[in-house]
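This report goes through one protein chain by topic. Please keep the sequence and the 3D view open while reading.

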Amino acid sequence: MQTIELLRKLSNAFGVSGFEDEVRELIRSLVTPHVDEVKTDALGNLFAIRKSAKPDARTLMLDAHTDEVGFIVKWIEKDGFLRFAPLGGWDPRIIPGHRVAIQTRSGRMQTGVIGTAPPHILTEEERRSPIPMEKMFIDIGATSLEDAHAMGIQIGDPLTIHYPFEEIREGFATGKAFDDRAGCAILIQAAERTAAQDLGVHVVFAFVIGEEVGLRGARTAAFQIKPDLAIAIEGTIGADMPGVPENSQPVRLGRGPALSVADRSIIVHRKVLHAMESIADATGIAYQYKLPTYGGTDAGAIHVTGAGCLAGIVSVPCRYIHSPISTLRLADFELTSEYVTELVRQLPDAVL
């Protein structure tokens, strides 16, 4: 499958934290031809396993999370409007006025609009201040609580702001959930590119749940896999934009994959970082560093689970993550994908 179509399918799939079923089953269909075994655990983590011919081989874990930030219905008003709560980190300033897709118990998608009181009836102070999320609501066209129920809406239904994937010009793509469907796409491509090789290690491509609500899937996945080495693949904070000083931009678009030195969840072991740098240099892949210490990734949970393991992080630069729509450069994605494939082939020998 061409990169653009792979990203389109993964971006458009529904997968709010705790409700990753659709995106997981899509990934299962895409990765199964390239591995020896695919299985799912109790939480919904998907493991695509490549076994080495050496039974005593060490284990490499490649991680990408399947979930996206979203919301959950927390109350239905008597007049049919919905109240909601966040699943994952959102900036309340950017939420009002967007169309949402709500997944009902039956799996049907219901459209709604996030509304607020119009500015005409607000005080001057209210107009100057961000609207608290608890004052927002969703309009689904229902006229009563009973009408909302008849439409299939229940407390606990997940929803997300949904804009379909689109190329805004050649080489630039926009869509929801690039954090971390870009990482999922890279794992699928790495599995495909190395399918004919015995890499000398057992490789587990782990597509995990619940990163946006506390690295939940990565922690239980690592407990089961017991990796000797892990690499987390992320879509991360591209902030090369007006008004942001260069020394405050975690990563920039157009500079290739980003290597993390440290973030709020991990300080990458120097042996791992030096090996990752050396592999990039030897293969001629341009890279950048993600400025410490913004954000956190699944690597934070993986490297301290059980007896612990060595772990590194590679990220695709994406602007506007944790918002209704993100932007990435396809050249950055392709370089990151190529680089991660080389890490799968070379990093275990370099550090284990």
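At 39% relative accessibility, Y320 counts as partly exposed, a class that lies between buried (under 20% relative accessible area) and exposed (over 50%), computed with a 1.4 Å probe on protein chains only. Y320 belongs to the loop between β16 (310-319) and β17 (326-329). Its phi is positive, about 65 degrees, although Y320 is not a glycine. Strands such as these are DSSP runs of E with at least two residues, helices are runs of H or I with at least four, and both are numbered from the N terminus.

H322 is found in the loop between β16 and β17 as well. Phi of H322 is near 60 degrees, again a positive value in a residue other than glycine. With 27% relative accessibility, H322 counts as partly exposed.

## Basis of the model

The model is predicted: local features need pLDDT of at least 70 and side-chain atom pairs count only at pLDDT 80 or more, whereas totals for chains, interfaces and linings use all residues. Residues are numbered from 1 along each chain as its sequence is written, and side-chain values use heavy atoms, with hydrogens and water left out.

## The chain as a whole

The protein chain holds nine helices and 17 strands. Its C-alpha atoms fill a box of roughly 65 × 45 × 40 Å along the principal axes.

Of the 352 residues, 54% count as buried. Among contacts (heavy atoms within 4.5 Å) with a separation of 6 or more, 76% come from residues 24 or more positions apart.

## A buried serine

S260 sits in strand β14 (residues 258-260). This serine counts as buried because its relative accessibility is 2%. Leaving out residues up to four places away in sequence, S260 touches V268, L273, K290 and I313.

## Pocket and cavity

Grid points are joined across faces, edges and corners, and a volume is the space filled by probe spheres set on the points.

The largest pocket has a volume of about 230 Å³. It is lined by 15 residues, and those closest to its centre are E211, G295, G296, T297 and H322. Strand β13 (residues 229-238) gives the most to this lining, with four residues. The pocket lining divides into three nonpolar, seven polar and five charged residues; Ala, Val, Leu, Ile, Met, Phe, Trp, Tyr, Cys and Pro count as nonpolar, Asp, Glu, Lys and Arg as charged, and the others, Gly among them, as polar.

One cavity of 30 Å³ or more is found in the whole structure. The largest cavity has a volume of about 120 Å³. Of its 15 lining residues, E68, V69, A177, H322 and S323 are the closest to the centre. The elements that give two or more residues to this lining are β9 (158-161) and α5 (178-193). The cavity lining has seven nonpolar, four polar and four charged residues.

## Paired strands

Two strands pair if DSSP finds at least two bridges between them. Strand β6 (residues 99-103) is antiparallel to strand β7 (residues 109-115), with five bridges. A101 has T111 in β7 as its bridge partner. Five residues lie between the strands of this hairpin, where G107 takes a positive phi near 95 degrees. β7 also runs antiparallel to strand β8 (residues 137-139), joined by three bridges, and V113 stands opposite D139 in β8.

Strands β10 (residues 166-169) and β11 (residues 172-175) make an antiparallel pair over three bridges. E167 has A173 in β11 as its bridge partner. The hairpin has two residues between its strands, and G171 in the turn has a positive phi of about 95 degrees.

## Cis peptide bonds

The peptide bond from D179 to D180 is cis, with omega near 15 degrees, and D180 is placed in helix α5. Another cis peptide bond joins P292 and T293, with omega about 0 degrees. T293 is found in the loop between β15 (288-290) and α8 (298-302).

Technical notes:
1 Å grid on protein atoms, 1.4 Å probe; cavity = no way out; pocket = protein on both sides within 12 Å on 5 of 7 lines; lining within 4 Å.
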